[in-house]
Each structure stands twice: as structure tokens, then as C-alpha cells.
Amino acid sequence: MNAALPGSGLFKRQQYLRQAEIEAQAAEADIPETAEKTGLDLVVAWSIVGTFIIAASAVIYMMEAILMPVTLAIVIGMVLGLAADRLARYGIPPVMGGLLLGIVFVVGLFFLINALIEPLTSLAGQAPGIIERTIERVLPYLQRFEWARVAIDGANEKKVTDVAIENAGAMLGFVAAGVTPAFIQTLIFLAALGLFLVGRSHLRKTIILAFATRDRRLAAIRIMNATENAIGFYFSTASLIYVALGTITTVIAFAGGLTVAPLWGLFAFVSSFIPYLGVTAMTIALLCAGLMTHDALLLALAPAVAFFMLHLVMENLVTPAILGRRLEINPFLIFLAIIFWTWMWGAVGAMLALPLCLIAMTIFNEVRTSPPERQLPG
């Protein structure tokens, strides 16, 4: 009675294969067929992306008073936070190290502003006379060129000078009107910097735990570490290079007979953090100062030419040799970033253009590159 019927095993096997075939067909039927995207679908997709970019740009532009100091505080806080992590090797807690470095930064900034107030106030008071003397010295040189002589002869020289002097007061008033917003933004920057340094570790932990899986958390850690290392390496190395540039510029200004030579070195150091625009403004300023100081054309041009050649060597030989091995950014992208952020946030935006571009490039490279199999031990 318990014996198996002949052919029962074959029947069960055929039934199993038939069931497997039915399940396979059902599984394939559950997969929706992907329709080929048409040109209209691509237009709609890019329109959504473009609309988002335009809306985000409008928000960034309208919220300049808040976003600019906060962004600057985050970038500087990343550098100081990385330095605080280095101090942790000597037994200083990262929070205390970050606050200590933040206090040193703020105190140094205060002394720097205090040292600049007197010469800048004196310069502002002498602005009308400086403009008048500059025009009187520049016009004879311009008259050596035919096109410039025709333009100058067609205008009343005294009238041009009077207009420039009258507008100098309006320009100073425009600058003074921006002092109060700048003071408020400075307070926002200092508050954001202090709070960022205090809550940096907790903020990192919150961002990491926001991801559900272990792989995504490791990816978040990798991206944040890579971004901080890139920003820290850039600012530390660039600061040393630009300190050397500012020191040599001080010597150039002193040898060129310009007044307040250390101030020129300081301006050279600060302006070097603004690619393209900084060297242009600094060269023009040295040219005007040289024309006001010396009657001879060669002596007047010497400080500006010397600084421009020095900056050319620094930016095209020294800086690429040191930074180029780790930080490779397309110069055209940097140029577009400078134009965009200068239009958005002015001089501070131009200074932040390269760090923001560096952050975006680092995140893009980390997301694009597949991580190694093991990120952490255990």
C-alpha cells in the first residue's frame, strides 16, 4: 500500500518545473517595462533642474545678509575645527581647542582692524586731494597716446576734476552707509563661528546618524573628512604662500618709496585670497600710488610691475607645485564661480568662491568614486 506508483516521481518533477515556469513568468510580468525617454521628457527634467537653480539663486541673493556671514563662519569653522582636532593629540578637548582657536582668530581680527582704522581714516580724509593729484599726474601720460589725446581734448579737464572730487564725497557716503549692515553681519559671523565650533562634534554626529544604513554613514564620514582636509590643506598652505607674498610686497613698497609699506603687504596678503580680482585691484592701486609718488614714469611703474611679476610667479609656479598635486580645479570653473559669487555677495563672495568650489568638487569626487570595501576596522 505504501509503494509509490510508477511514474509518480516523474509527474511530480514535471509539476514542479511547470510551477517554477509559472512563477518566473509572474516575476517577469511584475517588472514594468522602462519606456524610452523622449526629447520632451528630457526638456521637462532639465526645466525642473533649471527652475530649482533659479529659485535657489534668488534665495541666496535675497538672504545675503544672513547667508553670507554664516557661510563664511562655516568655512572658517571647518579650518579651525580641523586644527582643534590636531590639538586633541596634546590632550586638549576638541571643543576647548576650537573655542581657543576661535578666540585667537577674533582677537587677531580685532587688532588687525584696529591697526587699519587710523591709516584708512586718514586716507578717506585725503581722498579728494588724492583723486585730484592722481588725475593731474595721469593726464600727461595719457596725452602721449593719440586716442587718449582726442578724448581729453574733447572734454574740459577742470570739469572732469571737479566731477571726480564732487563724487568722492558721495562715494565716501556710500561706504559709510554700508558700515552699519557690515557691523551687524560681523556680529552674525562671530556668533555663528562660536556656535559652530561648540556644536561641531554634535552636528557631525547628527548628520551621520541621519542615514539609516552603515554604508551610507561611512560614506557621510568619508565625505566630511575629505572636505575638511581639503579646506584645511588649502587655507594652511595658501596662507603660508601669501604671507611670503605679502612680506616681499612690503619690501617692494618700501624700496619703491611708497608710504605705509606694511599696509601694502597686508593688502597683498588679503587680496591674494581673491583669484584674478585681487591681483588686478592690487596692481591698479600700486600703479596709482606710484604715479602719485614719483614724477619719472619708470619709477612710478616699478612697484606695480614688480608686484605683478611676483604674483605671476607665485600663482603659476609656486602655488601649482605645492597645491596642484592634491587640489586640481579647472581654472574656467573657478572663473565662473568668482563671477557668480561676486555678483551674489560682493567681495566676500569672491573670497569664498574658491573654497566653495573646492567643497563642491571634493563632494562630487567622493560621491563618484567607489569606496574601498573596508572603511573602518571591525
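Predicted model: local features only at pLDDT ≥ 70, side-chain atom pairs only at ≥ 80, totals over all residues.
Visitor: What percentage of the contacts with a separation of 6 or more comes from residues 24 or more positions apart?
Guide: The protein has 378 residues, of which 29% count as buried. Among contacts in the protein with a separation of 6 or more, the share from residues 24 or more positions apart is 73%.

Visitor: How far apart are the end C-alpha atoms of helix H12, and what span should its residues have?
Guide: Helix H12 covers residues 277–293, and at 1.5 Å a residue its 17 residues should span 24 Å. The buried residues of H12 include Val 279, Met 282, Leu 286 and Ala 289.

Visitor: Which residues does Leu 286 contact, leaving aside its neighbours within four places in sequence?
Guide: Leu 286 is one of the buried residues of H12, and it is also among the residues that touch the most other members of the largest nonpolar core. With those neighbours left aside, the residues in contact with Leu 286 are Leu 258, Trp 264, Pro 303, Ala 304 and Phe 307.

Visitor: Which element gives the largest share of the largest nonpolar core?
Guide: This core has 43 residues, and those touching the most other members include Tyr 234, Trp 264, Trp 341 and Leu 358. The elements that give two or more residues to this core are H3, H10, H11, H12, H13 and H14. The largest share is 14 residues, and the helix that gives it is H14.

Visitor: At roughly what angle do the axes of H10 and H14 cross?
Guide: Two packed helices are described by the angle between their axes and the distance between the axes. For helix H10 (residues 214–255) and helix H14 (residues 331–368), the axes come within 9 Å and cross at roughly 145°. The contact is made by residues including Ala 226, Ala 230 and Tyr 234 of H10 and Leu 358 and Ile 359 of H14; by class, it has 12 nonpolar, 2 polar and 2 charged residues. The crossing is right-handed, and its angle is roughly 145°.

Visitor: Is Arg 204 buried or exposed?
Guide: Arg 204 lies in helix H9, and, with neighbours within four places in sequence left aside, Arg 204 is in contact with Met 224, Asn 225 and Glu 228. The cut-off for buried is under 20% relative accessible area. Because its relative accessibility is 18%, Arg 204 counts as buried.

Visitor: How does Ile 92 count at 30% relative accessibility?
Guide: Ile 92 has its place in the loop between H3 and helix H4, and it touches Leu 87 and Gly 97 when residues up to four places away in sequence are not counted. Buried means under 20% and exposed means over 50%. Since 30% falls in between, Ile 92 counts as partly exposed.

Visitor: Which residues does Ser 57 contact, leaving aside its neighbours within four places in sequence?
Guide: Ser 57 is found in helix H2, and with a relative accessible area of 16% it is buried. Leaving aside those neighbours, Ser 57 is in contact with Phe 340 and Met 344.

Technical notes: Residues numbered from 1 in each chain as written. Heavy atoms only, no water. Axes fitted to C-alpha atoms, helices over the stretch in contact; angles between N-to-C directions. Helix = DSSP H or I, 4+ residues; strand = E, 2+ residues; numbered from the N terminus. Left-handed = near helix turned anticlockwise from the far one by under 90°. Contact = heavy atoms within 4.5 Å. Nonpolar A, V, L, I, M, F, W, Y, C, P; charged D, E, K, R; others polar. Expected span 1.5 Å × (residues − 1). Buried < 20%, exposed > 50% of the residue type's maximum accessible area, 1.4 Å probe, protein only. Core = buried A, V, L, I, M, F, W, Y, C linked by side-chain atoms within 4.5 Å.
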